[in-house]
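Please keep the sequence and the model in view while reading.

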Amino acid sequence: MTEHVDPVAPRPRTVQGLLAREHALLRRHLRQLRYIAETMMKEQPLALRDRLDAVLSFLHDDTLPHMEMEETIIYAAVDRLPNGPHSGQAMALDHQAIRALVHEVDRLTSAQTSKKTAAKLQGALFALEAVTRLHIDKEERLYTPLLNQLSPRVRAAIRAELRERS
Ligand SMILES: [Fe+2]
Ligand SMILES: [Fe+2]
């Protein structure tokens with residue numbers, strides 16, 4: 001799986017291609033999130049805020065809808081295949097943990113700045129990055145390889161959802 005996303009490259013046509021593109025963009029933001037967490041204690045508050053806002057916008061506008069679509073379409077459809085991983089519930093629990101961490105980061109970024117809040121925010125950023133990275137690695141091992149076994153109707157529904165956002 002490549003992590004390189006060329007903004008002027010033609011949009012992928014397959015479900016796998018579209019999902020790979022979304023994960024590649026997410027990984028790029030996760031690297032940024034980790035960088036923010038590592039450097040935030042010596043960063044100027046306004047610069048930190050700008051960097052965090054960019055990542056949080058991506059998480060809210062792209063990652064949360066991406067997870068919603070996986071829970072409503074992909075996991076169930078892949079789990080119905082005879083060789084499906086039957087891990088949809090566990091994957092949805094990962095999503096729940098990711099959502100909770102996004103909301104925790106939202107809360108801490110709008111809280112009064114203090115050393116204690118900054119330390120909590122740093123912890124939440126590291127946790128969010130690690131949990132999300134592990135989750136998409138898992139998804140690509142368990143679910144992505146089976147997407148081409150889905151019926152054309154289901155794949156068309158997934159493509160339509162993914163294209164709406166890209
Ligand atoms: Fe997911
Ligand atoms: Fe995903």
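Is the crossing of helix 1 and helix 4 left-handed or right-handed? The crossing of helix 1 and helix 4 is left-handed, a term used when the near helix is turned anticlockwise from the far one by less than a right angle.

## Basis of the description

This is a predicted model, in which local features need pLDDT of at least 70, side-chain atom pairs count only at pLDDT 80 or more, and totals for chains, interfaces and linings use all residues. Residues are numbered from 1 along each chain as its sequence is written, while chains are lettered from A and ligands numbered from 1 in the order in which they are written.

## Overall fold

The chain has five helices and zero strands (DSSP runs numbered from the N terminus: H or I of at least four residues for helices, E of at least two for strands). Its C-alpha atoms fill a box of roughly 55 × 35 × 25 Å along the principal axes.

## Helix 1 and helix 4

Helix 1 (residues 15-39) packs against helix 4 (residues 115-142) at an angle of about 155°, and their axes are 9 Å apart. Axes here are lines fitted to C-alpha atoms over the stretch in contact, with angles from 0 to 180 degrees between N-to-C directions. The two helices are therefore roughly antiparallel, the word for angles over 145 degrees.

Contacts (C-beta atoms, placed from the backbone, within 7 Å) join the pair: the residues of helix 1 include L26, L30 and L33, and those of helix 4 include L125, F126 and I136.

## Helix 2

Helix 2 (residues 45-79) bends by about 45° at E70, the angle between axes fitted to the seven residues ending there and the seven starting there. E70 is also among the buried residues of helix 2, as are L59 and I74; buried means that 20 or more other C-beta atoms, placed from the backbone, lie within 10 Å of the residue's own. Of the 166 residues of the chain, 22% count as buried.

Conventions: A residue is buried if 20 or more other C-beta atoms lie within 10 Å of its own, exposed if 12 or fewer, and partly exposed in between; C-beta atoms are placed from the backbone. Angles under 35 degrees count as roughly parallel, over 145 as roughly antiparallel, 65 to 115 as roughly perpendicular and the rest as oblique. Two residues are in contact if their C-beta atoms, placed from the backbone, lie within 7 Å.
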